[in-house]
Amino acid sequence: MTSSSPSAASSPATPSGSPRAASSALAIKVRDLRVVLGASLILEDVSLAVGGGESVALLGANGSGKSTLVKAVLGLVPMAGGGIEVLGIPITRRRRVPWERIGYVPQRIGAGSGVPATALEVVRSGLLGPRRPWADRGRTARRKAMDALDAVGLAHRAGDHVQVFSGGQAQRLLIARALVRSPELLILDEPLAGIDRASRESLAEILKGLRERGLTLVTVLHEMGELADVVERAILLQDGRLVADGPAGEVARLRDGGVGRQHSHHSAHGERWEDDYDHGDHHHPDAGGPPAHHAPVLDHRLPNAQPRTGRSARP
């Protein structure tokens with residue numbers, strides 16, 4: 001199965017609608033990724049590429065490795081092998097990765113847990129960073145936060161405490177917090193989980209608008225649901241391996257039909273990988289967990305990629 005080609009918009013825009021030049025580079029490139037946490041093999045031999053302007057879903061059952069893949073892309077979990085580039089930079093060169101151009105919406109948590117905060121304060125916090133301790137202060141920060149709230153339909157709730165928000169409103173608030181940086185790449189982890197149908201439909205409209213403005217969307221989903229018209233391409237994970245990659249409707253049907261482990265995929269993006277990271281920098285937490293996945297060996301490397309040798313044995 002071949003995946004669809006990237007569909008970059010001609011004039012991407014920020015949440016406020018101002019034009020921004022489109023990037024022709026790949027947003028994400030993953031080659032032969034392997035992730036081991038404790039004694040558990042979580043991801044094995046995962047290769048994929050996401051083009052600028054694409055809307056891609058990561059599908060799979062619970063425990064298939066979807067969220068771990070996203071966290072690996074964001075540098076939140078260590079790699080045991082392979083490599084990842086985000087916006088053209090290997091994540092092992094962490095200080096060089098333009099994190100301010102990346103928005104991340106984690107699985108929904110209590111956005112207002114802990115110290116009471118208003119919606120505006122939560123969204124402004126998205127401007128903070130290790131080298132930007134005061135970025136949430138001042139008129140410019142307020143304007144950016146209000147623009148982001150407006151993009152998700154919550155500008156009128158800016159002064160409300162988030163403890164009174166519904167699940168759907170809290171999810172939209174987390175999206176606004178990610179949008180406040182005007183990112184080029186937006187990664188969402190299970191944004192439809194635990195919210196009602198009306199909220200899911202509202203989120204679908206928001207994401208559809210962001211896609212039309214040219215943002216690259218990578219969305220972790222258990223099933224397509226209300227985002228069927230938002231996602232153009234889907235990647236299916238099973239037992240820590242990538243088993244299908246192609247048009248969203250086709251991959252969703254494979255998943256619903258119980259895709260067998262014999263299915264393999266081929267990526268549409270065939271750029272050669274520059275293997276310039278240092279394997280010796282990685283370490284793994286010494287934590288317990290379920291037994292390692294024993295996934296079948298599938299050949300789904302990026303076209304023209306050089307085969308790797310001396311791969312680590314499974315734990």
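**Ground rules.** I number residues from 1 along each chain as its sequence is written, and side-chain values use heavy atoms, with hydrogens and water left out. Because the model is predicted, local features need pLDDT of at least 70 and side-chain atom pairs count only at pLDDT 80 or more, while totals for chains, interfaces and linings use all residues.

**Cores.** I looked up the nonpolar cores, meaning sets of buried Ala, Val, Leu, Ile, Met, Phe, Trp, Tyr and Cys residues joined through side-chain atoms within 4.5 Å. Buried means under 20% relative accessible area (1.4 Å probe, protein chains only). The largest core holds 48 residues, and Leu149, Leu173 and Leu186 have the most contacts inside it. Helix α4 (residues 167-179) gives the largest share of this core, six residues. Helices (H or I, at least four residues) and strands (E, at least two) are DSSP runs, numbered from the N terminus. I also found a second, separate core of 33 residues, with Ile42, Val56, Val86 and Ile89 among them.

**Cavity.** Next I searched for cavities: sets of points on a 1 Å grid over the protein atoms alone where a 1.4 Å probe fits but cannot get out. Two of 30 Å³ or more turned up in the whole structure. Which element gives the largest share of its lining (residues with an atom within 4 Å of a point)? It is α1, with three residues. The lining includes Ile28, Leu48 and Val218, and divides into nine nonpolar, no polar and no charged residues. Here Ala, Val, Leu, Ile, Met, Phe, Trp, Tyr, Cys and Pro count as nonpolar, Asp, Glu, Lys and Arg as charged, and the others, Gly among them, as polar.

**Positive phi.** Asp45, in strand β2, has a phi near 55°, although it is not a glycine. Asp45 counts as buried because its relative accessibility is 5%. Leu87, in the loop between β4 (81-86) and β5 (89-90), has a positive phi of about 50°. Leu87 is buried too, at 13% relative accessible area.

**Sheet.** Last, I traced an open sheet of six strands with mixed pairing, in the order β6-β7-β8-β3-β9-β10. Two strands pair if DSSP finds at least two bridges between them. The edge strands, β6 (102-105) and β10 (241-247), each pair on one side only. β9 (residues 233-238) and β10 run antiparallel, joined by six bridges, and Ala234 stands opposite Gly246 in β10.

Notes:
Buried means under 20% relative accessible area, exposed over 50%, partly exposed in between (1.4 Å probe, protein chains only). On a 1 Å grid over the protein atoms alone, a cavity is a set of points where a 1.4 Å probe fits but cannot get out, and a pocket is an open set with protein on both sides within 12 Å along at least five of seven lines; lining residues have an atom within 4 Å of a point. Grid points are joined across faces, edges and corners, and a volume is the space filled by probe spheres set on the points.
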